[in-house]
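Please take a moment to look over the sequence and the three-dimensional structure shown below.

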Amino acid sequence: MADRQADVTSTTGNGLDRILTLEIARVTERAAVAAARLRGRGDEKAADQVAVDAMRAELNRLPIAGTVVIGEGERDEAPMLYIGEEVGTGQGADVDIALDPLEGTTICAKNLPNSLAVIAIAEKGSLLYAPDVYMEKIAIGPGYPAGTVRLDMSPADNIAALARAKGVAVSEITACILDRPRHARLIEAVRATGAAIRLIGDGDVAGVIHTTNPDETGIDIYIGIGGAPEGVLAAAALRCIGGQMQGRLQLNTPEKVARALRMGIEDPNRIYQMEDMARGDVLFSATGVTDGNMLDGVRFNRDAIVTHTIVMRSSSRTVREIKARHQDLDKFG
């Protein structure tokens, strides 16, 4: 308990000081454990629902006045953790929350790598209020000159620019791309450069995060079209670790344009920088549900449940890796 108390500071202004850095880990731990009980069972909806229930219950114990800005959908689509839902005790900092209780529902259902429980908490008004549409994304990790990669450049030019910045041949670059029919031309263009590709079936938040540590994950760049909510979560993570990311909403129907306008998005063609999607002080936590490149999945041992979590904060650029052994099994049901 002493370690947890060491992260508590007094509330000042509209900052995140009252949020316990390790308490946010409890939120993703609870969701991950709940989902992990159903991994490999083939039931995506059930796994997602138990993760939502667990995350909401733990969120409501946090000393915050939180509003979900990236969640499970709008009120009429999601009974809990919907966009606009208020969570927390109501006492403490006013914050925006972006969350995905089970990132990679299909991955979990099939017990494949890199399913996560993910949450980001930021100062009020700091997270992009993104509609549930597709977003074109490009991301790389820290240590490169600003503007090394850009959405308005071709895949070949981005791969070549990254290779130059890294000081390696193009053949030593690996791009992470969602394995979708819509990416057929992108995949062809990247392979034509001589770069390698890591195709993933789901979980593009993890895909973006993996660019921050290519020596461990083998991924240098993330390119392609995925969910806009996941884009905001990924941008929040990069704000904490460092890196570069751009996103452009895919508002390709009048209905999507109108929906985005109702959410305050006036320019449907705008390219969002990482700082546009996640500003100010940001906390981010992810817990492994299944084993992955950066996080181990939940382990159910005879006398304990073991979880593996990373918790990050943008203001201090602190990254905590938490391997927790939970011996109070009743707490997790």
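How many salt bridges are there between domain 1 and domain 2? The count is 0, where a salt bridge is a side-chain nitrogen of Lys or Arg within 4 Å of a carboxyl oxygen of Asp or Glu. The structure is a predicted model, in which local features need pLDDT of at least 70 and side-chain atom pairs count only at pLDDT 80 or more, while totals for chains, interfaces and linings use all residues. Residues are numbered from 1 along each chain as its sequence is written, and side-chain values use heavy atoms, with hydrogens and water left out.

The domain assignment gives domain 1 as residues 18-127 + 282-332 and domain 2 as residues 134-277; such bounds come from an automatic or database domain assignment. The contact between the two takes 25 residues from domain 1 and 23 residues from domain 2, contact meaning heavy atoms within 4.5 Å. Taken over C-alpha atoms, the centres of domain 1 and domain 2 are separated by 23 Å.

Between them, domain 1 and domain 2 bury about 2100 Å², with 67% of this on carbon and sulfur atoms. Buried area here is the accessible area (1.4 Å probe) that two parts lose on being put together, summed over both. Of the area that domain 1 buries against domain 2, E103, N293 and M294 supply 26%, more than any other three residues. On the side of domain 1 that touches domain 2, at least two residues each are supplied by β3 (93-103), α4 (105-110), β4 (116-123), β11 (282-288) and β13. These element names follow DSSP runs, numbered from the N terminus: helices are H or I runs of at least four residues, and strands are E runs of at least two. Across the interface of domain 1 and domain 2, 2 residue pairs are in polar contact, both residues at pLDDT 80 or more. A polar contact is a pair of N or O atoms within 3.5 Å; within protein, one must be able to donate a hydrogen and the other to accept it, and residues adjacent in sequence count only if both atoms are side-chain atoms.

Helix α2 covers residues 23-36, and its 14 residues should span 20 Å at 1.5 Å a residue; the end C-alpha atoms are 20 Å apart, which agrees. The expected span is 1.5 Å times one less than the number of residues. Because 13 of its 14 residues are buried, α2 is largely enclosed by the rest of the structure. Buried means under 20% relative accessible area, exposed over 50%, and partly exposed in between (1.4 Å probe, protein chains only).

Strand β4 contains I121, and I121 is buried, with a relative accessible area of 0%. The C-alpha atoms of I121 and Q327 are 28 Å apart, and the two residues are separated by 206 residues along the chain.

Most residues other than glycine have a negative phi. L81, although not a glycine, has a positive phi of about 55°; this residue is found in the loop between β1 (64-70) and β2 (86-87). R317 likewise has a positive phi of about 55° and is not a glycine, and its place is in the loop between β13 (305-313) and β14 (318-326). Is each of these residues buried or exposed? L81 is buried, with a relative accessible area of 0%, whereas R317 is exposed at 51%.

The structure as a whole holds 14 salt bridges. In one of them, the side chains of R56 and E85 meet at 2.6 Å, N to O. This pair links distant parts of the chain, 29 residues apart, with R56 in helix α3 (residues 44-59) and E85 in the loop between β1 and β2. R56 is partly exposed, with a relative accessible area of 27%, while E85 is buried at 4%.

Another salt bridge joins the side chains of K166 and D220 (2.4 Å, N to O). K166 lies in helix α5 (residues 155-166) and D220 in the loop between α8 (214-217) and β8 (221-227), so that distant parts of the chain, 54 residues apart, are linked. K166 is partly exposed at 30% relative accessible area, and D220 is buried at 3%. Finally, R30, E58 and R61 are linked in a network of salt bridges.
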